[in-house]
Amino acid sequence: MNNKGNTKIRIFSGTRPTGFLHLGNYLGGLKGYLDLQNKQNYDCIYAVVDLHGITSPYDSKTYQDKIREVVLEYLACGLDPKKCHLLIQSQVPQHVELAYLLGTLYPVSRLEQLPTYKEKKKEQPHYMNMGLLYYPVLMAADILLYKTQFVPVGKDQGPHLEVTREIARIFNRRFGKTFPEPQIYLTSSSYIPSLTGEGKMSKSKEGSYINLVDDLRTIKIKLARVPTDTGKGKKVPQKGGVAVLLALVEIFEGEEKRKDYEKLYLEKGIQYKSLKEELAIAIYKELKPIQKKRKYFEENPELVNEILEQGRKHASRIAKQTILEVKQKMGIV
Ligand code: AMP
Ligand code: TRP
């Protein structure tokens, strides 16, 4: 896609290379990426944010493979290099440069108060590095570097988007209007709950997710472990395993099917075994073509390299312009 000046609406989003993508990433993040790449006059940049990924424990020996996984899954899900640009964040060094510059404008105390930071403190108490505190600033830099207007992400990223908007305002106030205030773009399933029945579906929570690469047998095993109840009651549960199953039924089998189950719950009772069987099949039906496409790109590494190189060139061009403008305004050049 060509970028003719500032006439196009800029979209940016990213995913950390923390392993295979799961249904939460797909429904909350990627579905939004796909919506937007298909709109006329949008210039979309979708990144693998490898510099964010290293703020949590990771294996340096397999990290390049993990990055590649995300690129393959992006392509497999339907991101089309004719309609959007794919990027590895670290290949455009201006992300880090802008993060440093923006970091000088934002109070540390606010970063310490962010719910995402507090969660990480609990999750990885022995890995509390400087990068974690800086995480939202680097994310703001990712977004503002391209003067992004919309950011397709799941609801869990709301607080980070707010920091980004605040940084844009602070910068604009001090140095003159430079950045648009980016808005979150939510999909219809912007929060996918965990299969354990508690919290969100997340890579860092064992037993919480279904991966896009899972086969039917694996999906069945994972669903079988979702905690349920007797299948009958006066009120359909709004929380816990049953609520998760019904949410997934709605997404993969439709709203009507969910309503049927809700009625059963209040009357005759639900047979979870058959609900889970049917649901597994419906999920796998959506994942199967993705897995097939993934294989194609896996077998064509040169094509993937070419796509990434084009993405890097496109992003670099914009990034260089923004950094120059920011430095001029901040009095650095
Ligand atoms: P991450 O793997 O945390 O880098 O997330 C990549 C994308 O997936 C982001 O847009 C997240 O908001 C989205 N995402 C991750 N987990 C979920 C979830 N459980 N529900 C909805 N969206 C999610
Ligand atoms: N923090 C995001 C997540 O965990 C990943 C991310 C980093 C991102 N930089 C971004 C998302 C810029 C959107 C835009 O999902």
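**Exercise 1. The chain as a whole**

*Solution.* The model is a predicted one, and in it the chain exposes about 16600 Å², of which carbon and sulfur atoms supply 51%. Turning from the surface to the interior, buried residues make up 50% of the 333 residues in the chain.

**Exercise 2. Fold and overall dimensions**

Count the helices and strands in the chain, and then explain why the chain is as compact as a globular protein of its length.

*Solution.* The chain holds 13 helices and five strands. Its radius of gyration is 21 Å, which is close to the 20 Å that the globule rule gives for 333 residues, and therefore the chain is as compact as a globular protein of that length. Along the principal axes, the C-alpha trace spans about 75 × 45 × 40 Å.

**Exercise 3. The surroundings of ligand 2**

Work out which residues and elements surround ligand 2, and which polar side-chain atoms lie beside its nitrogen atoms.

*Solution.* Begin with the shell, in which 14 residues surround ligand 2, with R16, Y135, M139, D142 and Q157 being the closest. By class, this shell has seven nonpolar, five polar and two charged residues. Next, consider the elements: β1 (9-15) and α7 (130-144) each supply at least two residues of the shell, and α7 gives the most, with four residues. Finally, take the polar atoms, where a side-chain atom of Y135 lies 2.7 Å from a nitrogen atom of ligand 2, while one of Q157 lies 2.9 Å from a nitrogen atom of ligand 2. Taken alone, ligand 2 exposes 370 Å², and the protein buries 92% of that.

Methods: Residues numbered from 1 in each chain as written. Chains lettered and ligands numbered in written order. Predicted model: local features only at pLDDT ≥ 70, side-chain atom pairs only at ≥ 80, totals over all residues. Heavy atoms only, no water. Near = heavy atom within 4 Å. Polar contact = N/O pair within 3.5 Å; in protein donor to acceptor, adjacent residues only side chain to side chain. Areas by Shrake-Rupley, 256 points an atom, 1.4 Å probe, with all protein chains shown as cover. Nonpolar A, V, L, I, M, F, W, Y, C, P; charged D, E, K, R; others polar. Rg over C-alpha atoms; globule rule 2.2 N^0.38 Å. Buried < 20%, exposed > 50% of the residue type's maximum accessible area, 1.4 Å probe, protein only.
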